[in-house]
Structure formats: C-alpha cells, structure tokens
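Please report on the strand pairing and helix packing of the model shown here.

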Amino acid sequence: LKLGIEGKTYHDYKTILQEQVQKSGGKVSYRIISETGPDHNKDFEAEVLINGKGAASASGMSKKDAEQNAAKRALSDMGYEIL
C-alpha cells in the first residue's frame with residue numbers, strides 16, 4: 001500500500017498512523033523512552049504503542065520529531081510504502 005495524496009508527499013506520519021489504526025478500531029499512543037545529551041542538543045527516543053503494545057521506536061532532536069519518526073517506522077513495518 002502506498003500512502004500519499006494527489007502526488008503530494010505526506011510528512012505527518014502520526015496522523016496517517018492514527019487514521020490507519022483507527023480504521024480497525026485500534027488506538028495509538030506515544031511515550032518518550034529516553035532523553036540524552038545536553039539541554040542545547042538533546043536527543044529523544046520515542047516509542048509508538050498500538051493497542052498498548054510497542055510497535056516501533058525512533059529518535060529525533062525533539063519529542064515531536066522522535067514521535068514522527070517512530071510513526072513513520074511503524075507504518076513501514078506495517079507494510080505501507082511511504083511516498
């Protein structure tokens with residue numbers, strides 16, 4: 001399955017994941033599992049949970065970026081081709 005609308009690239013992976021999981025009545029949540037580095041250069045690692053079970057984790061320079069990256073990884077793991 002490919003995800004994209006009218007040839008535009010989608011970058012809001014959290015929303016896409018939420019929509020895909022909700023189609024089957026599921027629930028998506030996130031948690032920050034680590035924070036490393038100095039205050040001016042932190043690295044966050046987030047885990048996305050689907051129906052309470054860990055689905056994917058990823059890192060980013062902000063909590064939001066880490067969550068987006070984890071959602072993207074979860075979508076990829078679910079077999080979606082990210083355009």
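## Sheet

Strand β3 (residues 43–50) is joined to β4 by seven bridges, and the two run antiparallel. Strands are DSSP runs of E with at least two residues, helices are runs of H or I with at least four, and both are numbered from the N terminus. Strands count as paired if DSSP finds at least two bridges between them.

The open sheet has three strands in the order β2-β3-β4, with antiparallel pairing. Neighbouring strands are turned by 25° against each other on average, direction ignored. Axes are lines fitted to C-alpha atoms, for helices over the stretch in contact; angles run from 0 to 180 degrees between N-to-C directions.

## Basis of the model

The model is predicted: local features need pLDDT of at least 70, side-chain atom pairs count only at pLDDT 80 or more, and totals for chains, interfaces and linings use all residues. Residues are numbered from 1 along each chain as its sequence is written, and side-chain values use heavy atoms, with hydrogens and water left out.

## Helices

Helix α1 (residues 13–22) lies across β2 and β3, at about 145° to β2. Contact means heavy atoms within 4.5 Å. Helix α2 (residues 63–77) lies across β2, β3 and β4, at about 130° to β4.

In α2, the buried residues include A66, A70 and A74. Buried means under 20% relative accessible area, exposed over 50%, and partly exposed in between (1.4 Å probe, protein chains only). G79 follows α2 and has a positive phi, near 100°.
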